[in-house]
There are 2 protein chains.
Amino acid sequence: MTMKISYKVWLDHDGKAFGDGPYELLTRVEKTKSLRQAANQMGMAYSKAWRLIRTLEERLGFVLLERKTGGQSGGGSRVTPKAKELMKHYGRFRKDVKDAMEGIYRRHFSSLAQKVRK
Amino acid sequence: MTMKISYKVWLDHDGKAFGDGPYELLTRVEKTKSLRQAANQMGMAYSKAWRLIRTLEERLGFVLLERKTGGQSGGGSRVTPKAKELMKHYGRFRKDVKDAMEGIYRRHFSSLAQKVRK
């Protein structure tokens, strides 16, 4: 095992407004067209997933998911165009963060990493 | 309030090995020559500060603090040369992380930040 950099990053607007978890959840909703299935895949209760989405929507100021038909037990979920735009930006942002963090770590700590490995 | 980026970053080697908290603690030890005073200033119990230092030392593989004289209740603490080297690197690393994160956020989310402000 070697020394490494670890980090968590998220968008904040009066609390966590978007991050890796929501990004994964919405990506899975896009594929499955179902928040229930997306939540299941991530081992998250459906009710918790809905509450999360509602909280994020409040903090972001726009709607992320629209139910296609039926009530809470029926129909599917559609990722809104604004949510898709956010996901596109977030995906690129996240990639740049990863690259930058690894570069900065190497720049400052390559010698430390070597010392620890010895 | 506007949308902003938030993050936590730390060095990891089989667990958290160094981060903002330890950096602040050691900086205060450097100034006060006392882990007890440094811990007090941060509202941290002395025993907790010692356990933290010991855990970090284990994960880093080198000693951070040396007691100058006396036992646990007496004397002062000295930051080791290796710890000072780590702090120097970490301080620069942390500054670069801050600058990079803010730049990346602006690059990807300046439009989102404006939307939320409306």
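1. Which residue forms a salt bridge with A:Lys4? In this predicted model, the partner is B:Asp12, and the closest N and O atoms of the pair are 3.9 Å apart.

2. Another salt bridge is formed by A:Asp96 and B:Arg107, with 3.2 Å between the closest N and O atoms. Over all chains, the structure holds 16 salt bridges.

3. Next, the relation between the chains. Chain A is superposed on chain B by a rotation of 180 degrees, with 0.0 Å of shift along the axis and an RMSD of 0.0 Å. This is the relation of a two-fold axis. Within chain A, A:Lys8 has the C-alpha nearest the axis, at 2.6 Å from it.

4. In chain A, 36 residues are in contact with 36 residues of chain B. Of the interface residues of chain A, 100% are also interface residues in chain B, so the two copies meet through the same surface.

5. How much area is buried between chain A and chain B? The figure is about 3,200 Å², and carbon and sulfur atoms give 70% of it. On the chain A side, the residues that lose the most area to chain B are A:His13, A:His108 and A:Phe109, which together account for 16% of what that side buries.

6. The largest pocket has a volume of about 300 Å³. Its lining consists of 17 residues, and those closest to the pocket centre are A:Lys16, A:Gly19, A:Asp20, A:Gly21 and A:Pro22. Strand E1 (4-12), strand E2 (16-19), helix H1 (20-32) and helix H3 (46-60) of chain A each give two or more residues to this lining.

7. Which element gives the most to the lining of the largest pocket? That element is H3(A), with five residues. By class, the lining of the largest pocket divides into eight nonpolar, three polar and six charged residues.

8. The second largest pocket holds about 180 Å³ of space. Its lining is made of chain B residues, including B:Tyr7, B:Lys8, B:Val9 and B:Trp10. Further along chain B, the lining also takes in B:Lys16, B:Phe18, B:Gly19, B:Asp20, B:Gly21 and B:Pro22, as well as B:Leu56 and B:Arg94.

9. At least two residues of the lining of the second largest pocket come from each of strand E1 (4-12), strand E2 (16-19) and helix H1 (20-32) of chain B. E1(B) gives the most, with four residues. The lining of this second largest pocket has six nonpolar, two polar and four charged residues.

Methods:
Residues numbered from 1 in each chain as written. Chains lettered and ligands numbered in written order. Predicted model: local features only at pLDDT ≥ 70, side-chain atom pairs only at ≥ 80, totals over all residues. Heavy atoms only, no water. Least-squares fit on C-alpha atoms with pLDDT ≥ 70 in both. Contact = heavy atoms within 4.5 Å. 1 Å grid on protein atoms, 1.4 Å probe; cavity = no way out; pocket = protein on both sides within 12 Å on 5 of 7 lines; lining within 4 Å. Points joined across faces, edges and corners; volume = space filled by probe spheres on them. Nonpolar A, V, L, I, M, F, W, Y, C, P; charged D, E, K, R; others polar. Buried area = accessible area lost by both parts, 1.4 Å probe. Salt bridge = Lys/Arg side-chain N within 4 Å of Asp/Glu carboxyl O.
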